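This briefing goes through a few packing features of the structure shown below, grouped by topic.

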Amino acid sequence: MKIKKFIKLVSLSVILSASIAQTFAADVNLYVTRHGKTMFNNVHRAQGWSDTPLTKPGIEVAEQLGRGLKDVNFIAAYSSDLGRARQTARIVLDSKGQSLPVNEMEALRETCFGEYEGDLDPNMWGPAGKHLGYPSHKELMEDFGKGKIRLNKIMDAIAAVEKSGEAEDYKTVKTRMQTALKVIAESAKANGGGDVLVVSHGMAITAMVEEWLDTPVKGGLGNASVTKIRYTDDGKFIVESLGDMSYVEKGKALDK
């Protein structure tokens, strides 16, 4: 009888251990990355759905990011369907020596700026700033950098002053980005969990996570920065880091 009880206890212990292991394995870590620097970034032009290729420094920072992520074993990779994001994802994977297909999703695109696409940044930020009561775009950017105004108000101001009606407001971008991330996370969860690379765009990423943060976002995200988000087994998104450049710095150190 004692032997049978012991076997039952061992069996229950094994089942419980497997259940616990499965619970922990279900966690998904999303490495949400902004693309490398592009030609339009370099000349300070609005770049939403319009697209330009990575510059030489943009390629280099993506390579550094890949080397800095060498120890992270991605189970899947995604990018927006814009060339700069696709190119960044491919460079990151190649640089870290991991062969994975890059799944493109339109929902991961940057914000659409309508008639401001390709225009000089001040020509978009200026009218948005005046709509919000600022004398110029400089004061608007200063307050954004100090956390005195949130991105949602800025994005809604751009959409309000853009005349074609094609510019996206905050809610539109936030909703499509969060929906896309949920699809990605659930797919990873269904396959046992793990680490996933997601390459998107600065404003779109910030719009996605802003309401998940305790403090206002101060300024834009750096090129090739990583916003790490954990998707728990009960379906919650937890932002563990925002705009983290440490992986790039790690990759730079490996160059020396």
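Is R109 buried or exposed? R109 is buried, with a relative accessible area of 16%, where buried means under 20% and exposed over 50% with a 1.4 Å probe and protein chains only. The model is predicted, so that local features need pLDDT of at least 70 and side-chain atom pairs count only at pLDDT 80 or more, while totals for chains, interfaces and linings use all residues. Residues are numbered from 1 along each chain as its sequence is written, and side-chain values use heavy atoms, with hydrogens and water left out.

**Surroundings of R109**
- R109 lies in the loop between strand 3 (102-105) and helix 5 (121-131), with helices (H or I, at least four residues) and strands (E, at least two) taken as DSSP runs numbered from the N terminus.
- The side chain of R109 makes a polar contact with the side chain of D81 at 2.8 Å.
- Apart from neighbours within four places in sequence, R109 is in contact (heavy atoms within 4.5 Å) with residues including W49, S80, D81, R176 and H201.

**Helix 7**
- In helix 7 (residues 151-161), the buried residues are L151, I154, M155, A157, I158 and V161.
- These residues cover an arc of only 155° around the axis, which puts them on the same side of helix 7, the arc being that of the directions from the helix axis to the C-beta atoms.
- The buried residues of helix 7 pack against helix 5, helix 6 (137-145), helix 8 (170-190) and helix 9 (202-209).

Terms used: Polar contact = N/O pair within 3.5 Å; in protein donor to acceptor, adjacent residues only side chain to side chain.
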